[in-house]
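These are my notebook entries on what I looked up in this structure.

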Amino acid sequence: MKSARAFCHCARFRSVCVCVCVCVSMAVEMRLPALHKHVSPTTSQSHRDDKHLVVPGDVITSDTGFMRGHGTYMDEDRLTASVAGQVERVNKLICVKPLKTRYNGEVGDVVVGRITEVQQKRWKVETNSRLDSVLLLSSVNLPGGELRRRSTQDELAMRDYLQEGDLISAEVQSIFSDGALSLHTRSLKYGKLGQGVLVLVSPSLVKRQKTHFHNLPCGASVILGNNGYVWLYPTPETQDEEAGGFYTSMEPVSVSDREVISRLRNCLLALATHKVLLYDTSVLYCYEAALPHKIKDILKPETMEEIVLETRQRLVEHEG
């Protein structure tokens, strides 16, 4: 009987010890509010007025001399917004560009897409638009840069060039009558993408510029697709012009390059969360503001807000 009681006491003591050990070994993370830099409200208000943002039901103008464009409707001789977005005026045409929507392509846009299907003399590409885009066999460079008509052998070898799942960068060549986009990769800067990270953001957050290919001084490069697909990759030392845009380097990426790309990826997500326009300057400022923080801490709410506030302040000073 005594041995049984002693066994019970030992067992109880062991369970208590185990519980204490587990509780002690668990790490508790506490995050406290901190005082952040304050951006001047007058600057933000004037910036908002310059953009002329509207929500559904807002009256844009009562002047009957304007023409109604996309995102608007007439309500008792008043031009009213039907979507939330930014008012754009082109001569007498008024339209509202939605802040969150599918990608509406324009000729000359740089896009990043994924091959979804190989068809006869064409590839189907997913570009975040309402319909799959089309990349014709006649719209790509042949390996070696040959300039000739596409033959039956080229059509049979289409999967050697691009296959399902491959990521590509391309340019919008034309728009079909149903709204689908026709792409081309006839320049050496376009073609198949190799090792890197794809970040998905809203197309309305990508600022239109003359060039969307940027080699950042931090050691990585970025392709800001107008369709909201952003591609981060290590800056290549040389480019093989004989490959015609189909060669991708599979050399191991160094740890330092991976850390830079990971930090840039988190910076892009932070900027997109706070609805900051994405272009080379904003991405670089955000990267520099995030250097004092660990990569995994950038996406914490309070750290993200601090980084974005500092980025916005630098952008205001840069534009001013």
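**Aromatic pairs.** I searched this predicted model for aromatic pairs and found 1. The pair is Tyr-190 with Phe-213: the ring centres are 5.8 Å apart and the planes stand at 55 degrees, so I logged the pair as tilted. It links distant parts of the chain, with the two residues 23 apart. Tyr-190 is in the loop between β12 (181-185) and β13 (191-192), while Phe-213 belongs to strand β15 (residues 213-215). I also looked up the exposure of Tyr-190, which is buried at a relative accessible area of 3%.

**Charges over rings.** I noted two cases here. The charged end of Lys-207 sits over the ring of Tyr-279, 4.3 Å from the ring centre. The charged end of Arg-89 sits over the ring of Phe-66, at 5.6 Å from the centre.

**Cysteines.** How many disulfides does a search of the whole structure find? I got 0. Cys-218 is in none, and the nearest cysteine sulfur to it, that of Cys-267, is 9.0 Å away. I then checked Cys-267, whose closest cysteine sulfur is in Cys-286 at 3.9 Å.

**Val-253.** Is Val-253 buried or exposed? I have it as buried, at 18% relative accessibility. Val-253 lies in the loop between β17 (229-234) and α5 (255-273). Leaving out residues up to four places away in sequence, I list its contacts as Gln-195, Pro-234 and Arg-258. Pro-234 is 19 residues from Val-253 in sequence, and the two C-alpha atoms are 7.7 Å apart.

**Strands around β7.** Strand β3 (residues 67-68) runs parallel to β7, joined by 2 bridges. One partner I wrote down is Ile-94 in β7, bridged to Arg-68. Strand β6 (residues 85-90) runs antiparallel to β7, with 6 bridges between them. In that pairing Glu-88 stands opposite Cys-95 of β7. The hairpin of β6 and β7 has 2 residues between the strands, and Asn-91 takes a positive phi near 55 degrees there.

Note on methods
Residues numbered from 1 in each chain as written. Predicted model: local features only at pLDDT ≥ 70, side-chain atom pairs only at ≥ 80, totals over all residues. Heavy atoms only, no water. Pairing = 2+ DSSP bridges. Helix = DSSP H or I, 4+ residues; strand = E, 2+ residues; numbered from the N terminus. Phe/Tyr/Trp six-rings, centres within 6.5 Å; stacked < 30°, edge-to-face > 60°. Buried < 20%, exposed > 50% of the residue type's maximum accessible area, 1.4 Å probe, protein only. Lys NZ or Arg CZ within 6 Å of the ring centre and 35° of its normal. Contact = heavy atoms within 4.5 Å. Disulfide = S-S within 2.5 Å.
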